[in-house]
Amino acid sequence: MRDQRLPGDEEGLWALVEAAWAPLGAEVDQARRALTHQTTPGPDEDLHGTSPFTVVEAALEEFLSNLGSIGEGLSAAELTDLDRVVERKLYDIDRADVHEVTDGSDDGFLYARGFIVAMGRDFYTAVAEDPKRAVPDAECEEMAYFFAHLHRERFGDFPDTGSGISRESCSNRAGWPS
């Protein structure tokens, strides 16, 4: 097995994610905060009859577009570093206790973990510490390989992160006790 190097610039990933969410406005920001601080999973409605999840879900496509625009000027090495961070973040929450809340097939669970990363550091940390804060059936397939696909589009191939880990579901043996 290859050396499990530490991920690239984690702070950089979270800064890019926040920069991509920022133009989407106060309602989306408030919905992200509400999901981060919820104590029970589910699509609870707010006073306006719209769940925070519905607001975030409707904004995901624009968030990804913003993230792609931000990533256009990044070098191959920077995209590889970001992909390495995402890979590690997905791996670290590849756990049975997170899957119990998010549910889904192997691919569905990968996409659920993609949603957790796409939501940003605060949500990611909240779910990593207390999986009950995850949102059932929330997915962001694109985030799981976002920077790898950007690398391929710009440079013609997928990056080699050199990490020796897999982002695929059930690959983190420590997260799936026998």
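# Exercises on rings, helices and loops

In this predicted model, Arg113 sits over the face of Phe109, 4.7 Å from the centre of the ring. Let's work through some more of the structure, one exercise at a time.

**Exercise 1. Find out how many helices and strands the chain has, and how they follow one another.**

Step 1: Count the elements. The chain has nine helices and zero strands.

Step 2: Read along the sequence. You get the pattern α-α-α-α-α-α-α-α-α.

Step 3: Look at how the chain packs. Of its 178 residues, 48% count as buried. Take the contacts between residues at least 6 apart in sequence: 80% of them join residues at least 24 apart.

**Exercise 2. Classify the ring pair of Trp14 and Tyr124 as stacked, edge-to-face or tilted, and say which helices the pair ties together.**

Step 1: Know what to look for. A pair of aromatic rings is described by how far apart the centres are and by the angle between the planes. A search of the whole structure turns up six aromatic pairs, and here we take one of them.

Step 2: Check the geometry. The ring centres of Trp14 and Tyr124 are 5.7 Å apart and the planes meet at 45°, so this pair is tilted. The cut-offs behind that: under 30 degrees is stacked, over 60 is edge-to-face, and the rest is tilted.

Step 3: Place the residues. Trp14 belongs to helix α1 (residues 10–21) and Tyr124 to helix α7 (residues 121–129), so the pair ties together parts 110 residues apart in sequence.

Step 4: Check how covered they are. Buried means under 20% relative accessible area. Trp14 has 3%, so it is buried, and Tyr124 has 5%, so it counts as buried too.

**Exercise 3. Describe the surroundings of Thr36.**

Step 1: Find its helix. Thr36 lies in helix α2 (residues 26–37).

Step 2: Decide whether it is buried or exposed. With a relative accessible area of 7%, Thr36 is buried.

Step 3: List the neighbours. Leaving out residues up to four places away in sequence, Thr36 touches Asp122, Phe123, Ala126 and Arg133.

**Exercise 4. Compare the backbone angle phi, the location and the exposure of Asp137 and Cys170.**

Step 1: Read the angles. Asp137 has a positive phi of about 65°, although it isn't a glycine. Cys170 isn't a glycine either, and its positive phi is about 70°.

Step 2: Locate them. Asp137 lies in the loop between α7 and α8 (141–144). Cys170 lies in the segment after α9 (146–155).

Step 3: Decide on exposure. Exposed means over 50%, and partly exposed is in between that and the buried cut-off. At 59% relative accessible area, Asp137 is exposed, while Cys170, at 40%, is partly exposed.

Methods. Residues are numbered from 1 along each chain as its sequence is written. This is a predicted model: local features need pLDDT of at least 70, side-chain atom pairs count only at pLDDT 80 or more; totals for chains, interfaces and linings use all residues. Side-chain values use heavy atoms; hydrogens and water are left out. Rings of Phe, Tyr and Trp (its six-membered ring) pair if their centres lie within 6.5 Å; planes under 30 degrees apart count as stacked, over 60 as edge-to-face and the rest as tilted. Helices (H or I, at least four residues) and strands (E, at least two) are DSSP runs, numbered from the N terminus. Buried means under 20% relative accessible area, exposed over 50%, partly exposed in between (1.4 Å probe, protein chains only). A charge sits over a ring if NZ of Lys or CZ of Arg is within 6 Å of the ring centre and within 35 degrees of the ring normal. Contact means heavy atoms within 4.5 Å.
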